[in-house]
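Please keep the sequence and the structure in view while reading.

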Amino acid sequence: MLRQRYRFLAFLLMLVVVCVSACGGNAANADGGKGAPSSFTIVYQPGLGSVTFITLKLQKTLSKQFPHTTIEWKIVNSGSAVREAILSGQGQLGSLGISPFLVGWDRGMDWKVLLATSRSDTWLVAKNPRIKSLKDFGPGDKIGVVAPDAQQAIVLRKAAEQQLGNAHALDKNLVAIGSVDGEQALLSGQLAANFAGSPFQEREVAAGGHIVLHTNQPFGPVGTGLIVLPQSFYNQYPEFSKTVYKDLQSVTTYVTNHHQEAAEYLAQDAGSGGRGSVKQFKTLIDNKSLAFETTPSGLIAYANFMKATGFISKVPGSVNDLELPTVSGTGS
């Protein structure tokens, strides 16, 4: 009798194992068999440059594709903050400029470029009419940048090298400040100039500011936004990573062809878009200086300058050293 009971319990245990295996298989199939992680955090900065992320977020594309993965979106104030989030494991995918990416790569961070986001023209805006060029900044004139190694800060140093003969001539003028606070600091007179992107720079000019420097002048019209992912994450979840890449490619095409809808998403997500009306965002997206390009560009040009000025210790042998298989063999 006791033996029969053990046999019955063994039979029940076998049924449980079969059921669990079946349930596990169904869960995998629900995610398309892509081996998705249990959670995935995307780290980005507020402003027009994040329009593709904001669109992807509000369309809930990833949540629909991977219902068993918790998708989280984290807003930070600078590319260096994106870097720290990924370095500490608080995020997996990040959007940032070329220079903070290169600083991380130079320090041995295990991350590479999944694709690029866009190319745009960012302005150094001053309010005091006496400041017409970099030569007009005095020792007490503070210049706002989101971080010392932000792309705008590197562009400013390149321009200082060209105009003043010394890339570090204005280093003591730089103040690290987020784009939102930088706008207010400029308009209240706490900053002599602010180097932020859209929509902050347009509001600064509308409030009486004027443009001192365009980012597309020192380095030429190269890309500004990168989307990066740790190589180890890509290796562990290759199909998931490729799907995210394809989603970002698709949403870039969508935004390129649907300016009105993209503007509505930006206005809807005020924290991500940086505040503004649908009409204002539509005007910004319509601007010809904003180009949605997913092929990385400018990586080697920035790396050469940053090494020459002491920000990084080495230059990649080729752009391929910085890229994941999704864009390998492309870019500059």
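This is a predicted model: local features need pLDDT of at least 70, side-chain atom pairs count only at pLDDT 80 or more; totals for chains, interfaces and linings use all residues.

Once its neighbours within four places in sequence are set aside, Asp106 is in contact with Phe311, Ile312, Ser313 and Lys314.

- Is Asp106 buried or exposed? Its relative accessible area is 15%, so Asp106 counts as buried, the cut-off for that class being under 20%.

**Helix 5 against helix 14**

- Helix 5 contributes Ile98, Ser99, Phe101, Leu102 and Val103 to the contact, where they meet Leu299, Tyr302, Ala303 and Met306 of helix 14.
- Sorted by class, the residues in the contact of helix 5 with helix 14 comprise 8 nonpolar and 1 polar, with no charged residues.

**Helix 6 against helix 14**

- Helix 14 also packs with helix 6 (residues 151–164), here at an angle of about 70° and with the axes 11 Å apart.
- Helix 6 and helix 14 are therefore roughly perpendicular to each other, and the handedness of their crossing is left-handed.
- On the helix 6 side the contact involves Gln151, Ile154, Val155, Arg157, Lys158 and Glu161, which meet Tyr302, Phe305 and Met306 in helix 14.
- The contact of helix 6 with helix 14 is made up of 5 nonpolar, 1 polar and 3 charged residues.
- Tyr302 and Met306 of helix 14 are listed in the contact with helix 5, and Tyr302 and Met306 are likewise listed in the contact with helix 6.

**Pro218 and the residues around it**

- Pro218 is placed in the loop that runs between strand 9 (210–214) and strand 10 (226–230).
- With a relative accessible area of 8%, Pro218 is buried.
- Apart from neighbours within four places in sequence, Pro218 is in contact with Val155, Lys158, Ala159, Gln162 and Leu213; among these, Val155 and Lys158 also take part in the contact of helix 6 with helix 14.
- Although Pro218 and Ala159 are 59 residues apart along the chain, their C-alpha atoms are separated by 5.5 Å.

- Within helix 2 (residues 51–59), the buried residues include Val51, Thr52, Phe53, Ile54, Thr55 and Leu56.
- Lys60, which comes just after helix 2, takes a positive phi of about 60°.
- Thr283 is found in helix 13, a helix covering residues 278–286, and Thr283 counts as exposed because its relative accessibility is 51%, the cut-off for that class being over 50%.
- Between the C-alpha atoms of Thr283 and His259 the separation is 8.9 Å, the two residues being 24 positions apart along the chain.

**The chain as a whole**

- The protein chain has 14 helices and 10 strands, and 50% of its 332 residues count as buried.
- Among the contacts in the protein chain with a separation of 6 or more, 77% are accounted for by residues 24 or more positions apart.
- The accessible surface of the protein chain comes to about 14800 Å², and carbon and sulfur atoms account for 53% of that surface.

Technical notes:
Residues are numbered from 1 along each chain as its sequence is written. Side-chain values use heavy atoms; hydrogens and water are left out. Contact means heavy atoms within 4.5 Å. Helices (H or I, at least four residues) and strands (E, at least two) are DSSP runs, numbered from the N terminus. Ala, Val, Leu, Ile, Met, Phe, Trp, Tyr, Cys and Pro count as nonpolar, Asp, Glu, Lys and Arg as charged, and the others, Gly among them, as polar. Buried means under 20% relative accessible area, exposed over 50%, partly exposed in between (1.4 Å probe, protein chains only). Accessible areas come from the Shrake-Rupley method with a 1.4 Å probe; for residues, only the protein chains shown count as cover. Axes are lines fitted to C-alpha atoms, for helices over the stretch in contact, and angles run from 0 to 180 degrees between N-to-C directions. Angles under 35 degrees count as roughly parallel, over 145 as roughly antiparallel, 65 to 115 as roughly perpendicular and the rest as oblique. A crossing is left-handed if the near helix is turned anticlockwise from the far one by less than a right angle, and right-handed if clockwise.
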